[in-house]
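Reader: I'm new to this one and would like a guided tour. Could you put it up so that we can go through it together?

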Amino acid sequence: MTTRRNALAEDTGDTPAYDTVALVLQGGGALGSYQAGVYQGLHEAGIRPNWISGISIGSINAAIIAGSPEDERVDRLRGFWESICRPAGFASVPWGESLAGLFEGIPYGFGSPAMNGQLSAMQALFAGQPGFFKPRVPPPYMVHGHGAASTSFYDTTPLAATLRKFVDFDLLNSGAVRASFGVVNVRTGNFAYFDSLHDTLGPEHIMASGALPPGFPSVEIDGEHYWDGGVVSNTPLAQVLTTDTMRDTLAFQVDLWPARGGLPTSLEEVAERQKDIQYSSRTRLVTDQLRRVLKLRHGLQRLLQRLPEAERNAPDLADIRKLSHTPATNIINLIYESKHLERYSKDYEFGTEAMREHWESGLADIRHTLQKPGILARPTQDSCFVTHDIHRNGSKHS
C-alpha cells in the first residue's frame, strides 16, 4: 500500500512528526455525529490521518473520510448526517414552531430537547431512518426460516445506496488512507477486520461492521456472515496499535460511551449506565497492555546496550534487536459526555437537532484539546508511551 504523507509527516514547528496518524472511531449510532465534528476540527487544524479504524457508525464515518477527496471530506460527512436524520416532534410539522413556543422554558415539555429526543427514538423504532434502515413488514417473529427477514427487525438495504452516494470506493481502496472496519464472524464468534491494506472494500464491508443484532441482519461476505464488531469490542484501537508495532504513532480515539458515570437512581438510568459500560469496551485494557509491552521492549533495548558491540550486532540476535525497537506512541482519547437529558435511547435518537448538537460538541472539544500545550508532543525515550483522556469537564493525563 502506498501511504500518503500527512500533515504530521515532518516536524513543523510545534508539531512533531509521526509515521502513523490514526483516527479511531467507536460505534454508537446517532452519537456518531460527534465524531464527524471531531474530524472537522482535525481537518481545520491541518491534521490528516493516514489510518482510520472504525466499528459500526465509526466505520461509516471512517469510510466517508477515507473515501472522499481531501477538500470534500467535511461536506460529505455533513451531507450523510443531514440525509439520514430528520426533524422530530413539532419541528417536523409546518405549524410546529408556533406550538412549541407555548411550552418554551419547560425542560420536559413538548418541543423541548428531551421530548424531541424521545420522539426521534420513537420515529426510528417505528418508521426507521431515511437512507439508513426501515422496519420489516411482516416483523421477524411472524416469519420463520427466511434468513434476514426472520432474524432482524430492520432492513438495511437503503444504507447501501447511501454509502455509494457519499463514498468513492475507488478512492477508499486506493491506499491514500488506510481504512479498517471491525466485525465479528457469526459462525465462529471471532473478531476480525476488513482492511483496505489487503481487502477490496465495498458497501457490504461497512454494513457488516454496523450490523448490530437483532435490529440489523448479518451481512454475508465470501460465504461467511458478519455482525457489528461492537458485539465483541467496540473500540478498534488494538488494530492500530498492535498490527504494526514498529511505527511512531499519534492516535486520536473518539469514544461515544463514557466508562465512568454516576450511580443510577432509576431503572432507566440503570439501562443507560449498563449500555455506557458495555460499549465503552476495552480501551483501558488495550492501552495498559501496550504500555507493558513497550516497557518490556525498552528494557530489552537497555539490556542489549550493555552487551559488547560485536555480541549486540550478532546475526543470531537479529530478532531480539527487532523486538527491542520502542516506537513513540501518543494516544489522545476524546470521550463524549452525555447531556443530562439523554436517556437509554440516545444512540437511536436520530433527530436533526440532536445530531447538530453532537457535531458542534465534537468540534468544540477537539478545538479545545488541540490548544492544550504539548498535546501532540512526542513521548520521550524514557516514557515512549503517553495517553491523554479528554473529558468535557477536564483532562486526565497518564
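Reader: Leaving aside its neighbours within four places in sequence, which residues is alanine 179 in contact with?

Author: Keep in mind that this is a predicted model. Alanine 179 sits in strand S5, residues 178-185. Once neighbours within four places in sequence are set aside, the contacts of alanine 179 are Ile52, Ala66, Leu172, Phe194, Asp195, Ser196 and Leu201.

Reader: Is alanine 179 buried or exposed?

Author: A residue counts as buried when its relative accessible area is under 20%. Alanine 179 has a relative accessibility of 0%, so it is buried.

Reader: And what separates the C-alpha atoms of alanine 179 and aspartate 199?

Author: Along the chain, alanine 179 and aspartate 199 are 20 residues apart.

Reader: Let's zoom out. Of the 398 residues of the protein, what percentage count as buried?

Author: The protein is built with 15 helices and twelve strands. Take contacts between residues at least 6 apart in sequence: 72% of them join residues at least 24 apart. As for the buried part of the 398 residues, it comes to 51%.

Reader: Now helix H1. How many of its twelve residues are buried?

Author: H1 runs over residues 33-44 and reaches 17 Å from its first C-alpha to its last, close to the 16 Å expected at 1.5 Å a residue. Among its buried residues are Ser33, Tyr34, Val38 and His43. H1 is mostly covered, and its buried count is eleven.

Reader: What covers the buried residues of H1?

Author: Both helices and strands take part in the covering. The helices include H2 (57-66), H3 (73-84) and H15 (352-370). The strands include S1 (20-25), S9 (249-255) and S10 (329-335).

Reader: Which residues of H2 does H1 meet?

Author: The axes of H1 and H2 come within 9 Å and cross at roughly 35°, and the crossing is right-handed. From H1, the residues taking part are Gln35, Ala36 and Tyr39. Their partners in H2 are Ile57, Gly58, Asn61 and Ile65.

Reader: How do the residues of that contact of H1 with H2 divide into nonpolar, polar and charged?

Author: Sorting the residues of the contact by class gives the answer. The contact of H1 with H2 has four nonpolar, three polar and no charged residues.

Reader: Next pair: how are H2 and H3 placed relative to each other, oblique or roughly antiparallel?

Author: The axes of H2 and H3 come within 9 Å and cross at roughly 140°. An angle has to be over 145 degrees to count as roughly antiparallel. H2 and H3 are therefore oblique.

Reader: By class, what does the contact of H2 with H3 have?

Author: H2 and H3 make a right-handed crossing. H2 brings Ile57, Ile60, Asn61, Ile64 and Ile65, while H3 brings Arg73, Arg76, Leu77, Phe80 and Trp81. By class, that is seven nonpolar, one polar and two charged residues.

Reader: What about H3 and H7, roughly parallel or roughly antiparallel?

Author: H7 covers residues 157-166, and its axis lies 10 Å from that of H3 at an angle of about 155°. That angle makes H3 and H7 roughly antiparallel.

Reader: Which residues make the contact of H3 with H7?

Author: This crossing is right-handed. On the H3 side are Arg76, Gly79, Phe80, Ser83 and Ile84. On the H7 side are Leu159, Thr162 and Phe166.

Reader: Back to H15: what covers its buried residues?

Author: H15 has 19 residues and spans 27 Å between its first and last C-alpha, close to the 27 Å expected. Its buried residues include Met355, Trp359, Leu363 and Ile366. The elements that cover them include H1, H3, S9, S10 and strand S11 (385-391).

Reader: One last stop, histidine 298. Leaving aside neighbours within four places in sequence, what is it in contact with?

Author: Histidine 298 belongs to helix H12, residues 283-305. Its relative accessible area is 12%, so it is buried. Apart from those sequence neighbours, histidine 298 touches Thr326, Gln381 and Asp382.

Terms used. Residues numbered from 1 in each chain as written. Predicted model: local features only at pLDDT ≥ 70, side-chain atom pairs only at ≥ 80, totals over all residues. Heavy atoms only, no water. Helix = DSSP H or I, 4+ residues; strand = E, 2+ residues; numbered from the N terminus. Expected span 1.5 Å × (residues − 1). Buried < 20%, exposed > 50% of the residue type's maximum accessible area, 1.4 Å probe, protein only. Contact = heavy atoms within 4.5 Å. Axes fitted to C-alpha atoms, helices over the stretch in contact; angles between N-to-C directions. Parallel < 35°, antiparallel > 145°, perpendicular 65-115°, else oblique. Left-handed = near helix turned anticlockwise from the far one by under 90°. Nonpolar A, V, L, I, M, F, W, Y, C, P; charged D, E, K, R; others polar.
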